[in-house]
Protein chains: 2
Amino acid sequence: MEKEKKEKSFEVTPYEVKGVLDDAEYERLMKEFGINPINKQLLDRIKKHTKELHFMLNRGVFFAHRDMDWLLNEYEKGNKFFLYTGRAPSGETHIGHLVPWVFTKWLQDKFGCELWFQFPDDEKFMFKQNLSYEEVQKYTYENMLDVIALGFNPKKTHFILDTKHAGLLYPEAIKVAKKITFSTVKAVFGFTNDTNIGSIFYTSMQTVPAFLPSVLAKKNIPCLIPLGVDQDPHFRITRDILPKLGYYKPAIIHSKFLSGLKLYGGKMSTSDSDSTIWTTDTPEQVKKKIMKHAFSGGQSTIEEHRKKGGNPDIDVAYQWLYFFFEPDDKKIKKIHDDYKSGKMLSGELKAYLVEKINAFLKEHQKNRELAKKQIDKFIFKV
Amino acid sequence: MEKEKKEKSFEVTPYEVKGVLDDAEYERLMKEFGINPINKQLLDRIKKHTKELHFMLNRGVFFAHRDMDWLLNEYEKGNKFFLYTGRAPSGETHIGHLVPWVFTKWLQDKFGCELWFQFPDDEKFMFKQNLSYEEVQKYTYENMLDVIALGFNPKKTHFILDTKHAGLLYPEAIKVAKKITFSTVKAVFGFTNDTNIGSIFYTSMQTVPAFLPSVLAKKNIPCLIPLGVDQDPHFRITRDILPKLGYYKPAIIHSKFLSGLKLYGGKMSTSDSDSTIWTTDTPEQVKKKIMKHAFSGGQSTIEEHRKKGGNPDIDVAYQWLYFFFEPDDKKIKKIHDDYKSGKMLSGELKAYLVEKINAFLKEHQKNRELAKKQIDKFIFKV
């Protein structure tokens, strides 16, 4: 019974992430999706080019991939790749959204890549019954600020907004769409006869940036897509279709989700503000949410904690530091050990995280303001 | 049995017109589609504004409508309408395609309307497995020449090419698509799980020109769609959705099909060149096809024909004159009577038609050459 229950404890599609994703679940997801773990050999190979490894690689935040070996073969032959990632603008940006973007920036810096960053304002509008077109446009603007604030190279970063760039995307999307049946999207995304026809079509639009640079350059260019693992199904279709159109299958590198505050392993939810840190939160809001809501792996009393120690593996504050806010390996090791031994209290751990988040957000919010004048530099000019 | 067989002798959807459409079938189609016959009262009302009636109205070539009374109410209140029609560029233009366009031009002239003319190059590409993107672009160009050659007012006529104008259409199409489920398009167009997701989405794109002028003008403008009756299902969806988006339901006026040469009542087929007169055919080709293939309502021998007379009702040459090539009511009456009495022979009737077609095509082909320099004036500038 226990086992059976566990087997159903998560569900991951681009339109729903349910349940708790712990290490065992990620293992199973890898098998279910047919994606490969990032192993030592691959890490060494990446390091050969980047000199150092991003902590998200070392710590398994990016944990799986498709065709990274092929991508590096091409790279080593002098066939440079471009990066493609995106953000569906269905709400404000939270800390969890930043995970793959920070890593993407690192890839851009280390490999000198062009980056195509898609904002599928069509997708969320069509998938969310109560989300208006105007709201989506507002979120697109807000989300763009957060991406720019992370410091992407404006000369090498091209924002694609599906409605704004429809003139560019749609003529390519129909070539994709012609090769995908309703049966396929039904199976991959769980669509039904009640799904609207825009949502059914949408995956074609998400496929286009994976070969658009090849169209524009009139030559085949390899593509690497860093993404949250829930988006993998879209690109399974993409990988199936692109060779039929004469393009390379894109390589993919998959990240885990940053937990929501209230539960270790749950994907951060945009609908529960208490469980989420927004990029625009004030230091007071951050402090209040972390202290009050961050799920603790500590013991219920100080005495007990000193004696038994805490469990960093299920402690959301610790996990946030590990995933994002404490890149220093020595420091994170010390926090881990001190917390586990009981030397560090849950309140101290949380206070440390609050400090880290607020330092990050102070800088981010400053950059976010500056970004308002930079948007034009990032939006792709047709 | 006879009756049952008859009930299944035709099938009309935007993607398939099968069987023979005689007057009785058009009657039944009207009932099946829920469209209204154009009656004397409506004709009188139109004539009040146009002074004279186009022969296609008098002769029932345009035979049915939706909401023409509402449209004229609005017109009489000073609320002018625009026209919307189109051509799916899946091949060269034949004579049958010209029927609704000639009438549309008359409407434009008489009512002083703006006309939005859509070339859904996405549609045919996605629906026809073996039609390449490049072929569709070539046909789009050829078809535009034929439309321009008919003499539309370039100041009031706006060509919309779905891929070229996707930047304009797609952001509106997703608002339409959000309100249409797969169940609906399945029921209306007979789609299955094997239908590709582009074809499923497409009707959203065909809906947009019915309200695009309202979007651009930022006010609600009535729309009249002249079309071949097979296209009605698309606009049943359009009429269902537009009020939900705050726009008027478009009015529609429906034409019958010009028969293919080989069979009275069959829709002219682009796949059987012997059955079809192309706008680029030479006088010799026209003569050969008409004399050889036009289905005759005459008798098998001259003697018998003189005695029994011919049947103009099933004679394709007569029907072509009646539908298109002999607008003069007195002349067509005389031809009808002479042919029916046996005074006019089948060969004479065909020769008369050949003369008429060739005179028309001579002028048309001249205009078609001139059109090559006018295309830019017609393509809508965003």
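Predicted model: local features only at pLDDT ≥ 70, side-chain atom pairs only at ≥ 80, totals over all residues.
## Symmetry of the two chains

Chain B is superposed on chain A by a rotation of 180° with 0.0 Å of shift along the axis, and the RMSD is 0.0 Å. This is the relation of a two-fold axis. The two copies use the same surface, since 100% of the contact residues of chain B recur in chain A.

Among the residues of chain B, the one that comes closest to the rotation axis is Gly167(B), whose C-alpha is at 2.0 Å.

## The interface

The contact between the chains involves 29 residues of chain B and 29 residues of chain A. On the chain B side, the elements that give two or more residues are helices H7 (121-127), H9 (166-177), H10 (182-189) and H11 (197-207). Of these, H9(B) gives the most, with seven residues.

By class, the side of chain B that touches chain A divides into 14 nonpolar, nine polar and six charged residues.

## The sheet of chain A

Chain A has an open sheet of seven strands with mixed pairing, in the order S3-S4-S9-S8-S5-S6-S7. S3 and strand S7 (157-161) stand at the edges with a single partner strand each, so one side of each is left without a neighbour in the sheet. Helix H5 (residues 68-76) of chain A packs on the sheet and touches S4, strand S8 (223-228) and S9. The direction of H5 makes about 125° with that of S9(A).

Strand S4 (residues 62-66) of chain A is largely enclosed by the rest of the structure, because five of its five residues are buried. On one side, S4(A) pairs with strand S3 (residues 36-37) in the antiparallel sense over two bridges; here Asn36(A) stands opposite His65(A). S4(A) also pairs with strand S9 (residues 251-255), again in the antiparallel sense, over four bridges. In that pairing Arg66(A) stands opposite Ile252(A). In a regular strand the side chains alternate between the two faces of the sheet.

## Helix packing in chain A

Two packed helices are described by the angle between their axes and the distance between the axes. Helix H8 (residues 133-149) and helix H18 (residues 346-371) of chain A pack at about 115°, with axes 8 Å apart. The crossing of H8(A) and H18(A) is right-handed. From H8(A), the residues Leu145(A), Asp146(A), Ile148(A) and Ala149(A) meet His364(A), Asn367(A), Arg368(A) and Ala371(A) of H18(A). This contact of H8(A) with H18(A) has four nonpolar, two polar and two charged residues.

Helix H9 (residues 166-177) and helix H11 (residues 197-207) of chain A also pack at an angle of about 115°, with their axes 8 Å apart. Their crossing, H9(A) with H11(A), is right-handed. The residues that meet are Leu169(A), Ala173(A), Val176(A) and Ala177(A) in H9(A), and Phe201(A), Ser204(A), Met205(A) and Thr207(A) in H11(A). The contact of H9(A) with H11(A) has six nonpolar and two polar residues, and no charged residues.

## Two loop residues of chain B

Lys179(B) is in the loop between H9 and H10 of chain B. Lys179(B) counts as partly exposed because it has 19 C-beta neighbours inside 10 Å, where a residue needs 20 or more to be buried. Leaving aside residues up to four places away in sequence, Lys179(B) touches Asn196(A) in the other chain, together with Ile241(B) and Lys244(B). Lys179(B) and Ile241(B) are 62 residues apart in sequence, and their C-alpha atoms are 6.9 Å apart in space.

Cys113(B) has its place in the loop between helix H6 (95-111) and strand S6 (115-119) of chain B. With 21 C-beta neighbours inside 10 Å, Cys113(B) counts as buried. Not counting residues up to four places away in sequence, Cys113(B) touches Phe81(B), Phe82(B), Leu83(B), Leu107(B), Gln108(B) and Lys156(B). Cys113(B) and Thr301(B) are 188 residues apart in sequence and 51 Å apart in space, C-alpha to C-alpha.

Notes. Residues numbered from 1 in each chain as written. Chains lettered and ligands numbered in written order. Least-squares fit on C-alpha atoms with pLDDT ≥ 70 in both. Contact = placed C-beta atoms within 7 Å. Buried ≥ 20, exposed ≤ 12 C-beta atoms within 10 Å, placed from the backbone. Pairing = 2+ DSSP bridges. Axes fitted to C-alpha atoms, helices over the stretch in contact; angles between N-to-C directions. Left-handed = near helix turned anticlockwise from the far one by under 90°. Nonpolar A, V, L, I, M, F, W, Y, C, P; charged D, E, K, R; others polar.
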